[in-house]
Amino acid sequence: MRHFFFGGVNPAPHKESTRRKPIARMEHQPKQVVIPLVMSTGEAAIPAVKPGARVAIGQPIAMGQGLSVSAHASVSGRVLAIEERPHPWGGTCDAILLENDGRNTPWPGRPEPLDPTQVTRELLLARVREAGITGMGGAAFSTAEKLSQAAGKVDTLIVNAAECEPYITADHRLLLERSDKILQGAQTLARALGAQRAVLVTEGDKLNAAEAVERRLRKRSGKVELCTIGTRYPLGAEKQIIQTVTGREVPPGGSPLDVKCVVLNVATVFAIQECLFRGKALTHRTVTVTGGAVSRPRNLWVPIGTPLRCLVEEAGGLREKADLILTGGPMMGTPQHDLEAPVVKSTNGLICLTQYERRQPAPESVCIRCGKCVAACPMHLAPAFISQAVRQGEIHKLPRLHPQDCMECGCCSYICPAGIPLLELVRQAGELMEKGGQRQ
């Protein structure tokens with residue numbers, strides 16, 4: 001039985017310029033890469049190298065602590081410095097600056113590849129932690145920690161290749177070109193975690209990728225289900241994809257574990273497969289470079305730490321001035337003001353929008369109580385009432401409106417005909433709740 005999630009919107013996909021372009025290696029490797037010590041939730045990693053040291057691809061250069069993950073050299077060369085650098089999530093943080101010698105020397109100490117039958121739960125967790133893998137769909141949570149929490153407690157593994165954000169095709173191309181490895185990784189994960197069901201989810205408009213997966217499923221003895229679903233944003237979010245695939249609804253304030261599910265992005269599953277069966281740490285990823293301002297939109301296989309400026313250059317530069325540059329999609333992406341910020345493990349796209357492409361909000365007017373924001377909110381919130389409570393200072397009303405459940409997808413602001421900045425106001429309400437506004 002096919003299930004659906006509540007709410008959502010249907011923005012124009014804008015994927016035509018890159019959906020048919022294979023993943024390509026960079027023709028001009030970056031001369032320097034910047035490896036931030038913050039690439040996941042939690043504390044910063046601790047540097048394991050000093051300026052002047054020689055490094056090789058895959059060599060650990062920073063060790064994770066707590067919920068943070070380890071970082072590895074994505075190029076071979078020399079450590080130039082450990083200094084503060086711009087971060088694509090905003091602000092600055094300490095980073096390890098590597099000079100690329102262009103030799104692509106692999107680290108001789110990388111672990112031996114495993115046989116799929118050798119992968120136990122303990123070995124899986126150890127290898128994933130050692131490889132420094134994070135959620136690569138945007139969440140950037142430690143994958144080892146996520147798998148550790150899920151082990152033995154889930155019955156369904158969902159591999160998320162929905163990629164509902166406009167413009168981005170990185171996961172689409174990865175699924176199309178690496179489907180054998182992704183299926184192998186999904187089977188291994190399901191067995192090691194004790195999940196009885198593994199489901200690979202993609203959107204119905206990615207027919208070539210779905211057909212490629214179906215052909216490979218016929219040849220494999222293991223059982224991974226393929227689920228193609230209708231395109232709707234924010235389908236790629238964990239709670240929405242769980243409801244769509246299983247019919248189970250994650251409770252407010254809960255997690256996928258509450259409904260015995262674990263969701264992993266397709267790029268994360270590919271990275272896990274690479275670390276298990278090729279001994280590779282997470283040093284490269286696919287990034288879509290696109291937008292109306294880009295001369296030659298592409299899907300690139302990029303060393304982590306590559307400055308965003310190098311991605312623009314690799315795509316032929318800008319053919320006109322970009323009015324807005326984002327990492328991630330236009331719905332939930334992060335504006336970039338400094339292209340010296342590097343690619344991190346969760347960077348799946350660099351989008352350079354022209355003034356014509358950039359969606360300009362309508363001039364703000366009064367709320368007409370049309371209810372569109374309520375119908376579009378996938379978390380069953382009432383953004384109009386939350387925004388009204390914030391603007392009128394009626395903080396006592398917020399607890400029963402649950403603004404802290406907002407997933408910041410932006411559907412409410414996108415759909416509002418009155419041009420009210422609903423997302424910003426709901427976010428403000430959530431901050432008031434965190435500061436104890438419910439007691440005022």
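Mentor: Let us begin with Cys261, which has a relative accessible area of 0% and is buried. This is a predicted model, in which local features need pLDDT of at least 70, side-chain atom pairs count only at pLDDT 80 or more, and totals for chains, interfaces and linings use all residues. Residues are numbered from 1 along each chain as its sequence is written, and side-chain values use heavy atoms, with hydrogens and water left out.

Trainee: What makes Cys261 buried?

Mentor: Buried means under 20% relative accessible area, exposed means over 50%, and partly exposed lies in between (1.4 Å probe, protein chains only). Cys261 has 0%, so the residue is buried. Cys352 also counts as buried, at 0% relative accessibility.

Trainee: How many disulfides does a search of the whole structure find, and why is the sulfur of Cys261 too far for a bond?

Mentor: The search finds zero disulfides. A disulfide is a pair of cysteine sulfur atoms within 2.5 Å. For Cys261 the closest cysteine sulfur is in Cys227, 12 Å away, and is therefore too far for a bond. The sulfur of Cys352 has its closest cysteine sulfur in Cys310, at 13 Å, which is again too far.

Trainee: Why is the pair of Phe270 and Trp301 called edge-to-face?

Mentor: A search of the whole structure finds one aromatic pair. Its ring centres, in Phe270 and Trp301, are 6.3 Å apart and the planes stand at 80°, so the pair is edge-to-face. By definition, rings of Phe, Tyr and Trp (its six-membered ring) pair if their centres lie within 6.5 Å; planes under 30 degrees apart count as stacked, over 60 as edge-to-face and the rest as tilted.

Trainee: Where do the two partners lie in the chain?

Mentor: Phe270 belongs to helix α7 (residues 266-277) and Trp301 to strand β14 (residues 298-303), so the pair links distant parts of the chain, 31 residues apart. Helices (H or I, at least four residues) and strands (E, at least two) are DSSP runs, numbered from the N terminus. Phe270 is buried at 6% relative accessibility, and Trp301 is buried at 18%.

Trainee: How do you know that the buried residues of α1 are on the same side?

Mentor: In helix α1 (residues 121-131) the buried residues are Leu124, Leu125, Arg127, Val128 and Ala131. They cover an arc of only 170° around the axis, and are therefore on the same side of α1. The arc is that of the directions from the helix axis to the C-beta atoms. These buried residues pack against β6 (71-72), α2 (143-150), α4 (179-193) and α7, where contact means heavy atoms within 4.5 Å.

Trainee: What makes Tyr167 buried, and what is said of its phi?

Mentor: At 6% relative accessibility, Tyr167 counts as buried. Tyr167 has a positive phi of about 75° although it is not a glycine, and is placed in the loop between β9 (156-161) and α3 (170-177). Most residues other than glycine have a negative phi.

Trainee: Is Arg369 buried or exposed?

Mentor: Arg369 has 54% relative accessibility and so counts as exposed. Arg369 lies in the loop between β17 (349-353) and α9 (372-376).
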